[in-house]
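Thanks, everyone, for making the time this morning. I would like to walk you through a few local features of one model, so please have the sequence and the coordinates open as I go.

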Amino acid sequence: MNVLLLTGILQLSFIGAAAQAGYQFENLTEAHGLSDNRITCFLKDSTGFMWIGTENGLNRFDGHSFVVYKHGLSNPFINDIEQDAGGRLWVATQNGLNVITPGKDSNIVFMPQTGNSIPSDLIWDTYIDKYNRVWIAADVKDLCYYDISRQEFVLLPWKKYIADQFPHRNKKYNSIRKIYYKSDNELWLGTSAGLFSYTISTGVFTYHKSYEADHFIQLETYGNLFYFIQNPVNVLQISTRKDIPWSAIPSTLQGVYQSADAQHERWLPAGKDVVQVNVSTGETMLIKHRPDDPYSLPDGIVRTIYREPSGLVWVGTSKGIGKFNPAMNLFPFTEILPAFKRDPSPENDLYRIDHAIHTVFHSKGEYYISSPVTNSLLIRDSSSGKTRRITHIQGIPLDHCSVIFEDSKKVLWILAGTHAFCYDRNTRQFSVSPFRAQTKNLLFTDMAEDGDGNLWFACFNDGLYCYDVKTQRSRKFSPADRFSSTLPTSLYFDKAANKLWIGTFERSLYAYDFSSKQMKHSGIEAALINDITKDKKGAIWLATYAGGIVRFADTVTRITTREGLPENNIYSIQTDLDGNIWASSFKGLTLISPEGKVIENFNRVKGLNFSDLYSPLTLTQTGEILTGADNGFIRFHPDSLQYVSSAFPVVITSTTPYTDNEATFDFAALSYLNPSLTRYEYKMEGVDKDWVSAGYMHTTKYNNLAPGSYAFKVRAIDFTGKLSANEASSSFRIPAPWWQTGWFRILAVLLVVGIVFFLFRRRIHTIKSKALIRQQMAELKGQALRAQMNPHFIFNCLNAIQELIITEDYTASYKYLSKFSKLLRMVLNMSEKNMIPLSSEIEMCQLYLELESLRFKNSFQYTIKADERIDTDSTLFPSLLVQPFIENAIWHGLLQKEGEKRLSIIFEEEHGRLICLVKDNGIGRERAIAIKAQKIGAMYVDPKGIALARQRIENLQAAFLEIIDCKEPTGTIVRIVIASPENTEI
């Protein structure tokens with residue numbers, strides 16, 4: 001049979017390297033706390049902290065946060081960082097060499113001076129050897145080292161060597177830019193004149209084939225091999241091979257990403273890219289920035305690369321840090337199709353007919369990949385990486401090429417369009433099967449073989465077919481066969497039960513019983529079914545759209561997001577060789593135990609760099625699982641996903657002062673593989689009996705600590721379950737408060753004795769004072785009485801009565817005389833009492849106002865009001881207290897005023913206090929004082945009434961006087977406040 005094989009390049013719209021998904025980077029920038037995005041150097045110190053130099057500051061990183069070092073650096077532009085045997089950091093800058101002692105905030109700066117000193121202020125690089133000598137690359141100066149023990153600089157004649165051996169460079173820029181370890185007795189020198197080595201014991205410089213370029217970027221070694229990059233020479237220079245131009249280095253677009261042993265990987269800057277070298281095989285790869293992927297290499301000039309023994313790589317660029325984590329790249333990716341752009345599938349295309357990759361099948365060293373969107377079959381040699389693309393077989397186009405199936409005779413079936421093709425891998429020949437689906441078939445979704453060797457085809461939008469390989473005749477199932485679906489999606493032949501399970505996109509699961517030759521509805525309620533598998537215990541598993549996973553044997557179990565699935569839309573499901581279940585979804589891969597317990601969800605955080613895994617999961621004979629992803633496929637063995645992390649320390653990064661019986665601790669595990677998934681446990685000795693889980697939090701706080709000595713401890717567990725190599729601890733003491741100290745107790749005893757003595761003396765003094773106070777009170781009463789009823793008032797009253805008698809107004813005179821005598825009688829009766837009923841005080845005020853009103857021809861209006869809530873008969877008030885203020889308001893406020901004159905006396909209760917208000921609209925105190933001052937003899941008048949009343953108020957408990965001057969309108973308010981007068985005895 002003649003077979004036509006057509007291969008070619010896809011006629012698609014290329015968008016560049018958009019699918020280097022094998023390399024995932026965590027990007028760190030100023031937004032995360034870096035002092036500057038322009039990275040210049042890295043160092044991991046002996047404790048485990050990462051130090052990052054930038055063009056604007058020195059940073060320390062603990063995996064969670066950055067701390068910017070701001071303690072007296074001679075210049076913020078950092079060129080290099082090294083650490084000596086004593087733990088000090090040597091920081092080379094654009095202006096001076098700094099020596100920092102971490103944790104002590106001390107800094108020594110070396111600058112050029114007369115005598116023995118550093119030869120230049122611009123230091124490009126440093127290297128500290130095993131003898132604790134600091135080798136220094138000083139700009140345009142000789143090679144130099146600083147002997148720490150002898151504290152002196154030693155210069156070595158590199159400039160003379162260049163002048164003698166390279167005379168053509170006498171007027172050119174000659175400077176050592178980089179210093180690297182070559183051996184205990186040799187150094188590599190990366191210079192603007194090329195690559196050199198220096199033998200320490202003989203003092204001999206040796207030139208190595210290289211270019212003359214101002215910038216020596218980086219050198220990496222492996223045994224006797226060395227690789228280096230110079231700028232602007234855009235080539236990878238290798239000691240034993242020809243130089244490789246960067247443009248000739250393949251990117252991950254053409255290769256399989258397979259993480260090599262970290263000891264055999266070397267990474268070097270290459271402009272905006274990174275060259276990865278596998279030193280054991282000699283293979284090179286170019287890692288590029290991907291504009292559409294936030295997890296790609298930063299889009300900046302790569303300046304420096306720092307590799308850790310664990311395989312973690314720090315890439316410093318002009319736009320931040322790219323951290324490559326091998327633990328985040330557990331699923332090797334093979335790119336098959338060039339990156340292309342296509343329109344998104346319509347919302348109703350639930351089964352995604354336009355897959356880039358549908359099925360990936362592996363057999364006998366070759367991968368077979370179907371691509372519906374490119375209408376082709378791709379065959380890739382797993383050893384050479386070469387790929388054949390087939391678009392037609394015997395002139396028949398492979399439209400929507402989808403299902404690849406191997407039957408019991410090891411014949412490979414490829415389903416495309418409405419045709420089924422057979423491929424004999426021994427003869428490498430294709431043939432066309434007599435089976436044909438109807439033209440309305442949109443996509444072959446699955447294929448199965450029953451116990452008799454007959455083949456079953458699931459055709460989307462067409463139906464279910466059974467093809468008899470002996471008679472070469474096919475049968476399409478219809479509603480008459482009790483099968484009414486035109487959207488079958490998945491087939492699984494259950495050999496033990498002799499049944500064929502058929503999943504559909506119409507919420508139906510069918511089972512064809514070969515014993516009874518009948519199709520039955522399973523009766524299991526399921527959502528839209530995507531895939532079917534069977535575990536080693538005989539349970540059937542269904543992957544559904546929007547319904548999670550359904551597992552049924554004796555009972556039906558549903559596994560959804562409640563049980564730990566990342567989502568309920570499951571595309572495919574597969575049983576591995578250990579009997580565990582793997583499920584793919586938009587959010588990654590999920591591993592499930594045979595009992596239905598979700599073991600792990602793999603996503604970007606857990607090492608899977610892809611999402612939207614819509615292709616079927618297939619199992620190879622060796623136990624690897626394959627599935628399509630983007631424009632290629634991933635492959636993995638379940639046993640290879642257990643990443644073994646290196647030992648790491650945990651440190652306490654900061655503590656707060658132990659004040660107010662509180663203590664706060666910040667801590668960090670210095671493991672940078674996956675710090676966000678590092679868990680912490682802590683314990684305060686004397687407080688916690690057991691370890692306390694902090695989860696993923698890296699800070700804690702203790703409150704209300706009793707005085708005493710404490711020891712805080714913390715440990716960490718990384719994402720692999722490894723425990724930190726140490727328990728960080730911090731001991732401290734909370735002093736007792738001053739009132740619990742011994743000196744305070746002694747002082748308290750002395751104080752008590754002193755207080756007792758003081759109280760005894762005070763009691764004697766009080767007894768004497770009371771006698772004196774009684775005497776003063778009696779005198780005050782007399783003074784108050786005389787002040788309130790002064791002769792001037794009595795004289796005026798008698799004159800008024802006399803005038804009424806002379807004018808023969810006997811009625812008015814009798815009335816006046818009656819009120820006057822009543823007032824005198826009340827004053828005489830009440831003056832002996834400190835407190836009187838409020839009603840009596842109001843009555844005396846009323847009589848006094850009536851007399852004053854008669855005297856002054858009713859020239860003013862007055863009112864006296866008491867709050868209805870006040871019981872005036874039982875409420876007590878200081879006797880004769882208000883009258884002086886009333887008199888003052890009339891004489892000095894109202895009589896001096898023209899127009900309406902008003903006076904009001906108000907008694908109120910507020911919050912258990914009695915308040916008396918004396919309000920007038922007179923001329924005010926300020927003007928009254930001015931008028932009084934103009935009168936002859938005013939300076940000799942010493943009014944006593946107000947002063948005595950004020951003194952009486954001050955002698956009362958919880959009482960006070962307030963006089964308020966009103967401006968608009970003018971007047972005065974006297975406010976007398978007396979607390980709880982009802983509890984005072986008369």
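**Ser433 and its surroundings**

Leaving out residues up to four places away in sequence, Ser433 touches Trp413, Ala420, Cys422 and Tyr467. Please keep in mind throughout that what we are looking at is a predicted model. As for where this serine sits, Ser433 belongs to strand β38, which spans residues 429–436. Is Ser433 buried or exposed? Its relative accessibility is 7%, and because buried means under 20%, Ser433 counts as buried.

Let me turn now to the nonpolar cores. The largest of them has 44 residues, and the members that touch the most others are Ile52, Ile81, Trp314, Phe331, Trp582, Leu589 and Ile634. Strand β2, covering residues 39–44, supplies the largest share of this core, namely four residues.

Finally, a word on one hairpin. Strand β18, residues 215–222, and strand β19, residues 225–231, pair in the antiparallel sense over seven bridges, and within that pairing Leu219 has Phe228 of β19 as its bridge partner. Two residues lie between the strands of this hairpin, and Gly223 there takes a positive phi near 60 degrees.

Technical notes: Residues numbered from 1 in each chain as written. Predicted model: local features only at pLDDT ≥ 70, side-chain atom pairs only at ≥ 80, totals over all residues. Heavy atoms only, no water. Core = buried A, V, L, I, M, F, W, Y, C linked by side-chain atoms within 4.5 Å. Buried < 20%, exposed > 50% of the residue type's maximum accessible area, 1.4 Å probe, protein only. Pairing = 2+ DSSP bridges. Contact = heavy atoms within 4.5 Å.
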